[in-house]
Amino acid sequence: MVLLIQCQNEASAFDWMAFAKDIAPIVIGFAALFFSWYQLKSSETQKKNENRRNEIYKKLNDFYGPYIQLRKKSHILYQKFQKKYRAKDVNFSTLRYLLKGQSFDENENALLKAIIDIGTKCEDLIQKNAGLIDDDDLRNNLIPKASTHYLLLRLAYEGNLKGDIENFLDSSFPKEIDAKLEDRKIQLENELNKLNS
């Protein structure tokens, strides 16, 4: 009886060893498959993140960064240009002033010409990189208004638009565009920082 129990124990132990030997390759195979799947998934995530990083860099370098810099330059020049006019009339509008047939002195003309040239550069930038504008309000509202203002100001400055002031009252520059552009740039930079960390 003792011999039978001992044989069963030995057989039982031997069966576990055989089972372990049989199952080990399967377990290793599954582990290898899981590791391969994990590596592939990790590689796909890295590729996706890399593509998104490149997309953000393109938006920042080809549109938002240059456009914001042009806007800042224009704003600085405009502050100098309109200073004496705003002192007399807080609602001063360069476009309306030009449509009335008014003219500026030599220095003001030079500043206004520089501002209009910057506006033309902004229009070119918008046209070339419109696909990078990823904010609905900027794309469908603010940038079209700004672009229209650049064109109307240039036409009025060149003397191709006169009078009919009432028709152009809604064509003033959208002042909120600068804050909106800066907000979008910060959002993209924050996303980039997360992807890089």
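Start by selecting Asp135 and Lys180: their side chains form a salt bridge, with the closest N and O atoms 3.9 Å apart. Asp135 sits in the loop between α3 and α4 while Lys180 belongs to helix α5, so this pair ties together parts that are 45 residues apart in sequence. Color by accessibility and the two partners part ways: Asp135 counts as buried, because its relative accessibility of 15% falls under the 20% cut-off. Lys180, at 27%, is partly exposed. Keep in mind throughout that you're looking at a predicted model.

Next, show the side chains of Arg52, Glu55, Lys59, Asp134, Arg184 and Glu191. Salt bridges that share partners join these six into one network. Zoom in on one link of it: Glu55 and Arg52 meet with an N to O distance of 2.7 Å. Both are in helix α1, and being 3 residues apart there, they're separated by about one helical turn. Glu55 has a relative accessibility of 37%, so it counts as partly exposed.

How accessible is Lys84, in relative terms? The value is 41%, which makes Lys84 partly exposed. Asp105, at 37%, is partly exposed as well.

Select Ile26, Phe30 and Leu33, which make a nonpolar patch on the surface with about 340 Å² of accessible area together. Leu33 is part of helix α1, which covers residues 2-88. Is Leu33 buried or exposed? With a relative accessible area of 56%, Leu33 is exposed, since the cut-off for that label is over 50%.

Switch to cartoon view for the helix packing. Pick out α4 (residues 136-157) and α5 (residues 177-196): their axes are 11 Å apart and the helices pack at an angle of about 140°. That angle makes α4 and α5 oblique to each other, because roughly antiparallel would need an angle over 145 degrees. Their crossing is left-handed.

Finally, zoom all the way out. The protein chain has 5 helices and 0 strands, so reading from the N terminus you pass α-α-α-α-α. Of the 197 residues in the chain, 31% are buried.

Key
Residues are numbered from 1 along each chain as its sequence is written. This is a predicted model: local features need pLDDT of at least 70, side-chain atom pairs count only at pLDDT 80 or more; totals for chains, interfaces and linings use all residues. Side-chain values use heavy atoms; hydrogens and water are left out. Patches are made of residues with over 30% relative accessible area and no salt bridge: like charges are joined within 9 Å, nonpolar side chains (Val, Leu, Ile, Met, Phe, Trp, Tyr) within 5 Å. Accessible areas come from the Shrake-Rupley method with a 1.4 Å probe; for residues, only the protein chains shown count as cover. A salt bridge is a side-chain nitrogen of Lys or Arg within 4 Å of a carboxyl oxygen of Asp or Glu. Helices (H or I, at least four residues) and strands (E, at least two) are DSSP runs, numbered from the N terminus. Buried means under 20% relative accessible area, exposed over 50%, partly exposed in between (1.4 Å probe, protein chains only). Axes are lines fitted to C-alpha atoms, for helices over the stretch in contact, and angles run from 0 to 180 degrees between N-to-C directions. Angles under 35 degrees count as roughly parallel, over 145 as roughly antiparallel, 65 to 115 as roughly perpendicular and the rest as oblique. A crossing is left-handed if the near helix is turned anticlockwise from the far one by less than a right angle, and right-handed if clockwise.
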